[in-house]
Amino acid sequence: MSRYPTTAAEIAVDSRRVERVYAALARVYDGFFDWALGPGRRHSVARLPVEDGDRVLEVGVGTGLSLPLYPDHARITGIDISDPMLEKARDRARGLPQGPERVQLLQMDARRLDFPDDSFDHVLAPYVLSVVPDPEVVMSEMVRVCRPGGTVMVTNHFLSRSPLLGFVEKRFTPLSQWIGFRLDLPIERVTETSGLQVEQVDRVNMFGLWRMVLARKTGS
Ligand SMILES: C[S@@+](CC[C@H](N)C(=O)[O-])C[C@H]1O[C@@H](n2cnc3c(N)ncnc32)[C@H](O)[C@@H]1O
């Protein structure tokens, strides 16, 4: 059975592979992933209850395909490990109304978010959890930087509960890992994160093979 990397050395190797993959993908990413993952991205951002002046953190912002989807009154911070992907996001932000003032883009590792606790009203990660070697660490960082009562949202492909599809996904994961993502992430690794109360799970994208998990950080 495949397993997640656990030692520091394994995690470092995996992260370097992810960085290499996205450095290569940056130029062509939008051509395919805007089309394939766009419906889930639009569905997710539309469900964020963003109020005037709210601070939004997008973890793994990539080329910034979500940036035009946020309401103009949101203050957005996007972080990503890949500078070539962020360069594309910077270009996109420059084309938005008050983009340079409203949108801040920073190179950062999602496993060590350089923000104080409770810094954001909404924290989301679209299509990121399958490409990080240690999703639980990213989840606990997302919860830490979200204010109590704020929204934590993950949109991702998760391991299917169908025995046949689940079997296929597990078998293909070692292959998919070579190009930087895995197909066998169980949804519980998101929904059972401590400090979160899950409020909504929606199927999105082609054949409903991806899901949006909308949760609230507990406490007030
Ligand atoms: C599939 S893309 C999703 C991009 C964007 N959220 C979207 O909806 O198109 C995954 C992104 O996660 C980023 N990423 C991978 N590992 C990361 C990490 N440890 N910290 C921050 N970003 C990471 C990649 O560089 C890439 O831009």
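Me: Which residues does M142 touch, not counting residues up to four places away in sequence?
Reply: The model is predicted. M142 is one of the residues with the most contacts inside the largest nonpolar core. Leaving aside residues up to four places away in sequence, M142 touches V59, L113, V123, L124, A125, V152, M153 and V154.

Me: Which element gives the largest share of the largest nonpolar core?
Reply: This core has 36 residues, and L57, V59 and M142 have the most contacts inside it. Two or more residues come from each of α1 (8-25), β1 (55-59), β4 (120-126), α5 (135-145), β5 (146-157) and β7 (210-217). The largest share, five residues, is that of α5.

Me: Is β7 largely enclosed by the rest of the structure or largely open, and why?
Reply: A residue is buried when its relative accessible area is under 20%. Seven of the eight residues of β7 are buried. Strand β7 is therefore largely enclosed by the rest of the structure.

Me: Which residue of β7 is the bridge partner of T151?
Reply: Strands β5 and β7 run antiparallel and are joined by seven bridges. On the other pairing, β6 (residues 196-204) meets β7 in the antiparallel sense over eight bridges, and Q197 has R216 as its bridge partner in β7. For T151 the bridge partner in β7 is R216.

Me: What is the phi of N205, in the turn between β6 and β7?
Reply: Strands β6 and β7 form a hairpin, with five residues between them. N205 lies in the turn, and its phi is positive, at about 65°.

Me: Which helix supplies the largest share of the nonpolar surface patch?
Reply: The patch covers about 1100 Å² and is made by F32, W35, L164, L165, F167, V168, F172, M206, F207 and L209. At least two of its residues come from each of α2 (29-46) and α6 (163-178). F172, for instance, is in α6, and at 44% relative accessibility F172 counts as partly exposed. The largest share, five residues, comes from α6.

Me: How many residues apart in sequence are the parts that the pair R92 and D30 ties together?
Reply: The side chains of R92 and D30 meet in a salt bridge, at 2.4 Å from N to O. R92 is partly exposed at 25% relative accessibility, and D30 is partly exposed at 23%. R92 lies in helix α3 (residues 83-94) and D30 in helix α2, so the parts tied together are apart in sequence by 62 residues.

Me: Which residues are linked with D109 in a network of salt bridges?
Reply: The side chains of D109 and R111 meet in a salt bridge at 2.6 Å, N to O. D109 is buried at 15% relative accessible area, and R111 is buried at 11%. The residues linked with D109 in the network are R111, R112 and D134.

Terms used: Residues are numbered from 1 along each chain as its sequence is written. This is a predicted model: local features need pLDDT of at least 70, side-chain atom pairs count only at pLDDT 80 or more; totals for chains, interfaces and linings use all residues. Side-chain values use heavy atoms; hydrogens and water are left out. Patches are made of residues with over 30% relative accessible area and no salt bridge: like charges are joined within 9 Å, nonpolar side chains (Val, Leu, Ile, Met, Phe, Trp, Tyr) within 5 Å. Accessible areas come from the Shrake-Rupley method with a 1.4 Å probe; for residues, only the protein chains shown count as cover. A salt bridge is a side-chain nitrogen of Lys or Arg within 4 Å of a carboxyl oxygen of Asp or Glu. Helices (H or I, at least four residues) and strands (E, at least two) are DSSP runs, numbered from the N terminus. Buried means under 20% relative accessible area, exposed over 50%, partly exposed in between (1.4 Å probe, protein chains only). A nonpolar core is a set of buried Ala, Val, Leu, Ile, Met, Phe, Trp, Tyr and Cys residues joined through side-chain atoms within 4.5 Å. Contact means heavy atoms within 4.5 Å. Two strands pair if DSSP finds at least two bridges between them.
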